[in-house]
Amino acid sequence: PAFAVPALRALILQPDFKIEGVVTQPDRARGRGGEISFAPVKEEAIAEEIPVYQPVKIRSEEAYQYFLDVAPDVVVIIAYGQIIPARLIEIPRLGWINLHGSLLPKYRGAAPIHWAIANGETHTGLTTMSIDAGLDTGPTLLQFETKIGPDETTPELYARLAEAGSPLVVETLRGIAAGSIAPVPQVNSAATFAPPLKKEDGRIHWSWAAQTIYNRIRGFQPWPGAFTVFRGKQCAIWGKPHAGEARDAVPGAIRVAGGDVLVACGQGTLLRLESVQLEGRKRITAREFVNGSRLVDG
(Lines give C-alpha, C1' and ligand atoms only; values in the text may rest on other atoms or scores of the structure.)
Protein backbone atom coordinates (compact mmCIF):
# COMPACT_ATOMS: atom_id res chain seq x y z
CA PRO A 1 0.00 0.00 0.00
CA ALA A 2 0.93 3.70 0.12
CA PHE A 3 2.84 3.02 3.35
CA ALA A 4 5.56 1.30 1.28
CA VAL A 5 6.05 4.04 -1.32
CA PRO A 6 8.42 6.38 0.60
CA ALA A 7 10.79 3.47 1.32
CA LEU A 8 10.77 2.43 -2.35
CA ARG A 9 11.53 6.00 -3.42
CA ALA A 10 14.38 6.23 -0.92
CA LEU A 11 15.91 2.95 -2.14
CA ILE A 12 15.71 4.09 -5.77
CA LEU A 13 17.84 7.13 -4.86
CA GLN A 14 20.67 5.08 -3.29
CA PRO A 15 23.54 4.60 -5.79
CA ASP A 16 24.80 1.50 -3.95
CA PHE A 17 21.49 -0.39 -4.28
CA LYS A 18 20.04 -1.94 -7.42
CA ILE A 19 16.34 -2.79 -7.31
CA GLU A 20 15.71 -5.95 -9.34
CA GLY A 21 11.94 -5.92 -9.04
CA VAL A 22 8.81 -4.93 -7.15
CA VAL A 23 6.40 -7.64 -6.01
CA THR A 24 2.87 -6.60 -5.08
CA GLN A 25 -0.68 -7.95 -4.93
CA PRO A 26 -2.68 -8.41 -8.16
CA ASP A 27 -4.64 -5.41 -9.48
CA ARG A 28 -8.08 -5.24 -7.88
CA ALA A 29 -11.35 -3.40 -8.31
CA ARG A 30 -11.55 -0.55 -5.81
CA GLY A 31 -14.13 2.03 -4.83
CA ARG A 32 -17.84 2.19 -5.63
CA GLY A 33 -17.28 2.18 -9.38
CA GLY A 34 -15.39 -1.09 -9.22
CA GLU A 35 -12.64 0.24 -11.47
CA ILE A 36 -9.38 -1.69 -11.61
CA SER A 37 -6.54 0.27 -10.04
CA PHE A 38 -2.86 -0.39 -9.42
CA ALA A 39 -1.28 -0.70 -6.00
CA PRO A 40 0.67 2.49 -5.11
CA VAL A 41 4.03 0.67 -5.27
CA LYS A 42 3.21 -0.63 -8.75
CA GLU A 43 2.55 2.90 -9.96
CA GLU A 44 5.89 4.03 -8.55
CA ALA A 45 7.73 1.06 -10.04
CA ILE A 46 6.27 1.62 -13.51
CA ALA A 47 7.25 5.29 -13.37
CA GLU A 48 10.83 4.22 -12.57
CA GLU A 49 10.83 1.38 -15.16
CA ILE A 50 11.31 -1.29 -12.48
CA PRO A 51 9.91 -4.75 -13.35
CA VAL A 52 6.72 -5.63 -11.44
CA TYR A 53 5.59 -9.14 -10.48
CA GLN A 54 2.07 -9.78 -9.09
CA PRO A 55 1.50 -13.39 -8.00
CA VAL A 56 -1.97 -14.34 -6.78
CA LYS A 57 -0.34 -16.47 -4.06
CA ILE A 58 3.21 -15.97 -2.84
CA ARG A 59 3.27 -19.67 -1.90
CA SER A 60 2.91 -20.77 -5.53
CA GLU A 61 5.54 -22.69 -7.46
CA GLU A 62 5.67 -19.83 -9.96
CA ALA A 63 6.51 -17.33 -7.22
CA TYR A 64 9.22 -19.63 -5.88
CA GLN A 65 10.78 -19.85 -9.35
CA TYR A 66 10.59 -16.06 -9.71
CA PHE A 67 12.72 -15.51 -6.60
CA LEU A 68 15.16 -18.23 -7.61
CA ASP A 69 15.61 -16.55 -11.00
CA VAL A 70 16.04 -13.04 -9.59
CA ALA A 71 18.36 -14.30 -6.83
CA PRO A 72 18.17 -11.14 -4.70
CA ASP A 73 20.70 -10.34 -1.98
CA VAL A 74 17.84 -9.10 0.20
CA VAL A 75 14.08 -8.52 0.01
CA VAL A 76 12.38 -5.56 1.70
CA ILE A 77 8.78 -6.37 2.66
CA ILE A 78 6.28 -3.73 3.78
CA ALA A 79 2.59 -4.47 4.50
CA TYR A 80 2.44 -7.14 1.79
CA GLY A 81 -0.56 -8.95 3.24
CA GLN A 82 0.51 -12.60 2.84
CA ILE A 83 2.67 -14.84 5.02
CA ILE A 84 5.98 -15.63 3.31
CA PRO A 85 6.75 -19.39 3.18
CA ALA A 86 10.01 -20.67 4.64
CA ARG A 87 11.48 -21.76 1.30
CA LEU A 88 11.25 -18.19 -0.01
CA ILE A 89 12.74 -16.75 3.18
CA GLU A 90 15.85 -18.87 2.61
CA ILE A 91 16.61 -17.55 -0.90
CA PRO A 92 18.17 -14.07 -0.28
CA ARG A 93 21.58 -14.32 1.39
CA LEU A 94 20.74 -11.38 3.71
CA GLY A 95 17.14 -12.46 4.29
CA TRP A 96 13.85 -10.60 4.17
CA ILE A 97 13.75 -7.25 6.00
CA ASN A 98 10.32 -6.13 7.17
CA LEU A 99 9.29 -2.57 8.07
CA HIS A 100 6.51 -2.81 10.66
CA GLY A 101 4.40 0.06 12.01
CA SER A 102 4.93 -0.48 15.73
CA LEU A 103 7.59 -0.95 18.38
CA LEU A 104 7.72 -4.73 18.28
CA PRO A 105 6.85 -6.94 20.07
CA LYS A 106 3.87 -4.63 20.71
CA TYR A 107 1.14 -4.67 18.07
CA ARG A 108 2.10 -7.59 15.90
CA GLY A 109 -0.33 -8.03 13.03
CA ALA A 110 -2.13 -6.25 10.22
CA ALA A 111 -3.32 -2.97 11.78
CA PRO A 112 -0.71 -1.74 14.31
CA ILE A 113 -1.26 1.98 13.72
CA HIS A 114 -5.04 1.79 14.05
CA TRP A 115 -4.95 -0.25 17.26
CA ALA A 116 -2.22 1.82 18.92
CA ILE A 117 -4.40 4.93 18.62
CA ALA A 118 -7.65 3.12 19.42
CA ASN A 119 -6.09 1.70 22.60
CA GLY A 120 -4.95 5.15 23.76
CA GLU A 121 -1.20 4.66 23.35
CA THR A 122 0.87 7.86 23.67
CA HIS A 123 3.98 6.47 21.95
CA THR A 124 4.55 4.19 18.98
CA GLY A 125 7.09 3.83 16.22
CA LEU A 126 8.60 1.60 13.58
CA THR A 127 10.66 -1.58 13.67
CA THR A 128 12.79 -3.23 11.03
CA MET A 129 13.10 -6.96 11.56
CA SER A 130 14.32 -10.13 9.88
CA ILE A 131 11.23 -12.14 9.06
CA ASP A 132 10.78 -15.76 9.98
CA ALA A 133 7.87 -18.14 9.45
CA GLY A 134 5.76 -16.50 12.20
CA LEU A 135 3.59 -13.37 12.23
CA ASP A 136 5.96 -10.47 13.02
CA THR A 137 7.97 -12.72 15.34
CA GLY A 138 11.46 -12.38 13.83
CA PRO A 139 14.43 -10.67 15.52
CA THR A 140 14.35 -6.87 15.48
CA LEU A 141 17.07 -4.79 13.82
CA LEU A 142 16.43 -1.04 14.23
CA GLN A 143 13.61 1.01 15.78
CA PHE A 144 12.24 4.53 15.51
CA GLU A 145 10.07 5.91 18.33
CA THR A 146 7.66 8.84 18.23
CA LYS A 147 4.87 10.37 20.31
CA ILE A 148 1.24 10.04 19.25
CA GLY A 149 -0.45 13.46 19.34
CA PRO A 150 -3.52 13.64 21.63
CA ASP A 151 -5.74 14.41 18.63
CA GLU A 152 -3.75 12.56 15.96
CA THR A 153 -5.75 10.26 13.68
CA THR A 154 -4.66 7.08 11.94
CA PRO A 155 -4.26 8.73 8.49
CA GLU A 156 -2.07 11.46 10.04
CA LEU A 157 0.14 9.04 11.97
CA TYR A 158 0.23 6.63 9.01
CA ALA A 159 1.66 9.38 6.77
CA ARG A 160 4.26 10.40 9.38
CA LEU A 161 5.45 6.86 9.96
CA ALA A 162 5.59 6.09 6.22
CA GLU A 163 8.02 8.98 5.73
CA ALA A 164 10.05 8.04 8.82
CA GLY A 165 10.34 4.49 7.54
CA SER A 166 12.40 5.30 4.46
CA PRO A 167 15.66 6.31 6.22
CA LEU A 168 15.19 3.44 8.67
CA VAL A 169 15.03 0.91 5.81
CA VAL A 170 18.12 2.41 4.13
CA GLU A 171 20.08 2.38 7.40
CA THR A 172 18.99 -1.20 8.11
CA LEU A 173 20.08 -2.48 4.70
CA ARG A 174 23.48 -0.83 4.96
CA GLY A 175 23.90 -2.17 8.50
CA ILE A 176 23.08 -5.79 7.69
CA ALA A 177 25.29 -5.68 4.57
CA ALA A 178 28.19 -4.39 6.70
CA GLY A 179 27.44 -6.81 9.54
CA SER A 180 27.13 -3.91 12.00
CA ILE A 181 23.58 -4.65 13.22
CA ALA A 182 23.04 -7.37 15.79
CA PRO A 183 19.53 -8.88 15.53
CA VAL A 184 17.67 -8.85 18.86
CA PRO A 185 15.23 -11.72 19.59
CA GLN A 186 11.75 -10.55 20.53
CA VAL A 187 10.39 -11.19 24.01
CA ASN A 188 7.27 -13.15 23.09
CA SER A 189 5.74 -12.76 26.54
CA ALA A 190 5.63 -8.97 25.96
CA ALA A 191 3.80 -9.28 22.61
CA THR A 192 0.45 -7.64 21.92
CA PHE A 193 -1.60 -8.01 18.76
CA ALA A 194 -3.23 -5.79 16.14
CA PRO A 195 -5.61 -8.03 14.19
CA PRO A 196 -7.20 -7.00 10.87
CA LEU A 197 -10.02 -4.53 11.36
CA LYS A 198 -13.64 -5.66 11.18
CA LYS A 199 -16.72 -3.53 10.67
CA GLU A 200 -17.90 -4.38 14.18
CA ASP A 201 -14.73 -2.86 15.71
CA GLY A 202 -16.20 0.57 14.98
CA ARG A 203 -19.33 0.05 17.08
CA ILE A 204 -19.45 2.44 20.04
CA HIS A 205 -20.54 1.30 23.49
CA TRP A 206 -21.68 4.33 25.45
CA SER A 207 -20.74 2.60 28.71
CA TRP A 208 -17.12 3.36 27.74
CA ALA A 209 -15.50 6.57 28.99
CA ALA A 210 -15.55 9.48 26.54
CA GLN A 211 -11.77 9.34 26.07
CA THR A 212 -11.98 5.65 25.11
CA ILE A 213 -14.64 6.46 22.53
CA TYR A 214 -12.56 9.37 21.21
CA ASN A 215 -9.53 7.13 20.84
CA ARG A 216 -11.58 4.77 18.67
CA ILE A 217 -12.96 7.66 16.61
CA ARG A 218 -9.32 8.70 15.92
CA GLY A 219 -8.00 5.18 15.47
CA PHE A 220 -10.60 3.72 13.15
CA GLN A 221 -10.36 6.36 10.43
CA PRO A 222 -11.00 6.05 7.55
CA TRP A 223 -12.57 2.60 8.10
CA PRO A 224 -14.56 1.24 9.86
CA GLY A 225 -15.02 4.61 11.57
CA ALA A 226 -16.98 4.95 14.81
CA PHE A 227 -20.72 4.38 14.73
CA THR A 228 -23.79 3.86 16.85
CA VAL A 229 -27.49 3.29 16.17
CA PHE A 230 -29.99 6.13 16.07
CA ARG A 231 -33.70 5.42 15.57
CA GLY A 232 -32.88 2.06 14.04
CA LYS A 233 -30.28 3.36 11.58
CA GLN A 234 -26.51 3.18 11.68
CA CYS A 235 -25.03 6.56 12.54
CA ALA A 236 -21.35 7.44 12.17
CA ILE A 237 -20.08 9.95 14.73
CA TRP A 238 -17.20 12.38 15.21
CA GLY A 239 -16.56 14.22 18.45
CA LYS A 240 -14.30 14.91 21.42
CA PRO A 241 -14.44 14.52 25.20
CA HIS A 242 -16.18 17.39 26.99
CA ALA A 243 -14.97 18.84 30.27
CA GLY A 244 -18.35 18.62 32.04
CA GLU A 245 -19.87 15.69 33.93
CA ALA A 246 -22.74 13.46 32.89
CA ARG A 247 -24.04 13.25 36.47
CA ASP A 248 -26.79 10.61 36.61
CA ALA A 249 -27.52 10.47 32.88
CA VAL A 250 -27.98 7.09 31.21
CA PRO A 251 -25.02 6.31 28.90
CA GLY A 252 -26.04 7.24 25.38
CA ALA A 253 -28.48 9.95 26.46
CA ILE A 254 -28.22 13.19 24.49
CA ARG A 255 -28.08 16.64 26.08
CA VAL A 256 -28.38 19.87 24.13
CA ALA A 257 -26.51 22.54 26.10
CA GLY A 258 -26.23 25.95 24.47
CA GLY A 259 -24.38 25.38 21.22
CA ASP A 260 -23.09 21.94 22.24
CA VAL A 261 -24.58 18.52 21.60
CA LEU A 262 -23.38 16.20 24.36
CA VAL A 263 -23.74 12.45 24.83
CA ALA A 264 -23.46 10.81 28.24
CA CYS A 265 -20.71 8.17 28.43
CA GLY A 266 -19.39 5.81 31.07
CA GLN A 267 -17.70 6.93 34.31
CA GLY A 268 -19.71 10.16 34.33
CA THR A 269 -17.99 11.54 31.22
CA LEU A 270 -19.40 13.40 28.22
CA LEU A 271 -18.64 13.34 24.50
CA ARG A 272 -19.29 16.53 22.51
CA LEU A 273 -20.55 15.59 19.07
CA GLU A 274 -19.03 17.53 16.19
CA SER A 275 -20.70 15.83 13.23
CA VAL A 276 -22.76 12.77 12.38
CA GLN A 277 -23.71 10.80 9.28
CA LEU A 278 -26.81 8.65 9.18
CA GLU A 279 -26.56 5.73 6.76
CA GLY A 280 -27.56 6.79 3.26
CA ARG A 281 -27.15 10.48 4.05
CA LYS A 282 -24.38 13.07 3.93
CA ARG A 283 -22.27 14.10 6.91
CA ILE A 284 -23.74 17.07 8.81
CA THR A 285 -22.83 19.10 11.89
CA ALA A 286 -24.13 17.99 15.26
CA ARG A 287 -26.30 21.12 15.43
CA GLU A 288 -27.89 20.37 12.06
CA PHE A 289 -28.50 16.83 13.31
CA VAL A 290 -30.31 18.11 16.43
CA ASN A 291 -32.46 20.50 14.45
CA GLY A 292 -33.31 18.02 11.72
CA SER A 293 -34.07 15.20 14.15
CA ARG A 294 -36.01 17.43 16.58
CA LEU A 295 -34.07 16.06 19.52
CA VAL A 296 -34.89 16.85 23.11
CA ASP A 297 -32.73 16.28 26.19
CA GLY A 298 -32.49 12.67 27.26
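Modeller: Before we start, contact here means heavy atoms within 4.5 Å. The model is a predicted one.

Biologist: Happy to begin there! Which residues does Leu-99 touch, leaving out those up to four places away in sequence?

Modeller: Leu-99 touches Phe-3, Ile-77, Ile-78, Leu-126, Thr-127, Thr-128, Gly-165, Leu-168 and Val-169. Each of these counts as a contact because heavy atoms lie within 4.5 Å.

Biologist: What makes the largest nonpolar core a core, and which members touch the most others?

Modeller: A nonpolar core needs buried residues such as Val, Leu, Phe and Trp, joined through side-chain atoms within 4.5 Å. Buried means under 20% relative accessible area. The largest set that qualifies has 39 residues, and Phe-3, Val-41, Leu-99, Trp-115 and Leu-126 touch the most other members. Among the elements giving two or more residues are α1 (5-12), β6 (96-100) and α6 (154-178). The most come from α6, with nine residues.

Biologist: Nice. Why are β5 and β8 called edge strands?

Modeller: The open sheet has four strands in the order β5-β6-β7-β8, with mixed pairing. β5 (75-77) and β8 each have a single partner strand, so one side of each has no neighbour in the sheet.

Biologist: How do you know that β6 and β7 pair?

Modeller: Pairing takes at least two bridges between strands. β6 and β7 (residues 123-130) have four bridges, in the antiparallel sense, so they qualify as a pair. Ile-97 stands opposite Ser-130 in β7.

Biologist: And where does α6 lie?

Modeller: α6 lies across β5, β6, β7 and β8, and runs at about 150° to β8.

Technical notes:
Residues are numbered from 1 along each chain as its sequence is written. This is a predicted model: local features need pLDDT of at least 70, side-chain atom pairs count only at pLDDT 80 or more; totals for chains, interfaces and linings use all residues. Side-chain values use heavy atoms; hydrogens and water are left out. Buried means under 20% relative accessible area, exposed over 50%, partly exposed in between (1.4 Å probe, protein chains only). Axes are lines fitted to C-alpha atoms, for helices over the stretch in contact, and angles run from 0 to 180 degrees between N-to-C directions.
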